Amino acid sequence: KDRAAVVYHPPVGRCFSPPKLYPDDPAWGPSDVRDSCKAADGDSRTYSTSLVREFFNTTDGSCGGEPTDSYELPLGTCVGPFGKPRPWGVFECSQNGTTG
């Protein structure tokens, strides 16, 4: 099986549908997702220290309703486990998109 690293560039601050953005990629589920960059002082205009990823009960890229789940990940640090096919990752966050 392919264990190569993969770089993703999902949008920051707006909803996206992983199956539409990354078709046939088993690392993503069907639910809509919204990523945001968070600074330690709570001001997103300053240097970001973490990524907040929210999941929604919609699958059309609308992020309708309240988030059904979320998590906050430190930036620049190997984190996991997430499960197959890519159990670990390093996340970065910028206005151009997140990577991980």
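The torsion about the S-S bond of C37 and C93 is about -90°, so this disulfide is left-handed. A disulfide is here a pair of cysteine sulfur atoms within 2.5 Å, and in the case of C37 and C93 the S to S distance is 1.9 Å. The pair links distant parts of the chain, with C37 in strand β2 (residues 33–39) and C93 in strand β7 (residues 92–94), 56 residues apart. Strands (E, at least two residues), like helices (H or I, at least four), are DSSP runs numbered from the N terminus. The structure is a predicted model, in which local features need pLDDT of at least 70 and side-chain atom pairs count only at pLDDT 80 or more, whereas totals for chains, interfaces and linings use all residues. Residues are numbered from 1 along each chain as its sequence is written, and side-chain values use heavy atoms, with hydrogens and water left out.

Solvent accessibility was classed as buried (under 20% relative accessible area), exposed (over 50%) or partly exposed (in between), with a 1.4 Å probe and protein chains only. C37 has a relative accessibility of 9% and therefore counts as buried. C93, with a relative accessible area of 16%, is buried.

A search of the whole structure finds two disulfides. Besides the bond of C37 and C93, a disulfide joins C15 to C63, with an S to S distance of 2.1 Å. The link of C15 and C63 is right-handed, with 85° about the S-S bond. Because C15 lies in strand β1 (residues 15–16) and C63 in the loop between β3 (48–55) and β4 (69–74), the pair ties together parts that are 48 residues apart in sequence. Both C15 and C63 are buried. When bonded cysteines are counted along the chain, the disulfides follow the pattern 1-3, 2-4.

Four strands form an open sheet in the order β1-β2-β3-β4, with antiparallel pairing. β1 and β4 stand at the edges and have a single partner strand each, so one side of each is left without a neighbour in the sheet. Two strands count as paired if DSSP finds at least two bridges between them. Two bridges join β1 to β2, seven join β2 to β3, and six join β3 to β4. Individual positions illustrate this arrangement: C15 stands opposite R34 in β2, C37 stands opposite L51 in β3, and the bridge partner of S50 is P74 in β4.

In a regular strand the side chains alternate between the two faces of the sheet.

The structure holds seven aromatic pairs. Rings of Phe, Tyr and Trp (its six-membered ring) pair if their centres lie within 6.5 Å; planes under 30 degrees apart count as stacked, over 60 as edge-to-face and the rest as tilted. Y22 and W28 form a stacked pair, at 5.2 Å centre to centre and 15° between the planes. Both Y22 and W28 are buried. Y71 and F82 form a tilted pair, at 6.5 Å centre to centre with 35° between the planes. This pair links distant parts of the chain, with Y71 in strand β4 and F82 in the loop between β5 (78–79) and β6 (89–90), 11 residues apart. Y71 counts as partly exposed at 26% relative accessibility, and F82 counts as partly exposed at 39%. One aromatic cluster is formed by Y8, F16, Y22 and W28.
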